[in-house]
Amino acid sequence: MSRAQVSKRDWRVHPPYLHEAYTSTVRRSPRLPLVPLEPSLSELTGPAFGADAVHPDDADLTRIPGGTGEAIGQRIYVTGRVLEDEGRPVANALVEVWQANAAGRYFHKVDCHDAPLDPNFTGGGRCLTDARGEYRFTTIHPGAYPWTNHPNAWRPAHIHFSLFGSAFISRLVTQMYFPGDPLLPLDPVLGGVPEPGRPLLVARYDHEVTEPLKALGYRFDIVLRGRNQTPMEPR
Ligand SMILES: [Fe+2]
């Protein structure tokens, strides 16, 4: 088997499998040591997504096909660059996002939070990075939502991100948070990320991205590998 030439992840920047404050990790974390596998060519050349399946409208979450209008909420742009080792941009990476609506409710059958659904918002979007590794979404600011992890638990506003580079081995799933959110220090999901990596998951307000009379702008760069790689969400 040929060995693929890829840099190894620094697992110290990523959350441990077991973070007791995030109670579901107690049951799902592995009990035995993991068996390391060397990446092979199949991880680099294996099947990937079809780029032609991504439509430009998929990056605008504020409107859905067949909808009756625009999603309710604070309109925002979320943009940034996807980078590999040493700051090299990753072009044609698939960036997928999903999020709650402005009231903190997911368009999903198991979300039973007592908050309204928005008929014009499903909360899912995707796009490809351009030659500079840049992606851009138009969406609404998600609401915080309660969960049952501990008494009076509320997730801070966040957007889920899935990154898919040129191959399976460039996969990263994480969450983006908003600056200044008072719930950030109370969140056991973000708290599961080693402390130095937490700021890397908080977007930056960018007045250059903000568009007059239209939307606030946030910047969130994602590094797939290397010294400054973006932490994954707790697994
Ligand atoms: Fe979430």
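Arg-219 and Asp-206 form a salt bridge, their closest N and O atoms lying 3.0 Å apart; a salt bridge is a side-chain nitrogen of Lys or Arg within 4 Å of a carboxyl oxygen of Asp or Glu. Arg-219 lies in strand β10 (residues 216-219) and Asp-206 in the loop between β9 (204-205) and β10, so the pair ties together parts that are 13 residues apart in sequence. Strands are DSSP runs (E, at least two residues), numbered from the N terminus.

This is a predicted model, in which local features need pLDDT of at least 70 and side-chain atom pairs count only at pLDDT 80 or more, while totals for chains, interfaces and linings use all residues. Residues are numbered from 1 along each chain as its sequence is written, and side-chain values use heavy atoms, with hydrogens and water left out.

The structure holds six salt bridges, including these:

| Pair | N to O distance |
|---|---|
| Arg-63 and Glu-70 | 3.7 Å |
| Arg-75 and Glu-70 | 2.7 Å |
| Arg-219 and Asp-206 | 3.0 Å |

Asp-206 is buried, with a relative accessible area of 9%. Buried means under 20% relative accessible area, exposed over 50%, and partly exposed in between (1.4 Å probe, protein chains only).

The iron ion has the protein donors Tyr-106 (OH), Tyr-145 (OH), His-158 (NE2) and His-160 (NE2), lying 1.9 to 2.2 Å from the ion. Donors are N, O and S atoms within 2.8 Å of the metal (3.2 Å for Na, K and Ca); water is not among the atoms, so sites may look incomplete. Tyr-145 and His-158 are both buried.

Key: Helix = DSSP H or I, 4+ residues; strand = E, 2+ residues; numbered from the N terminus.
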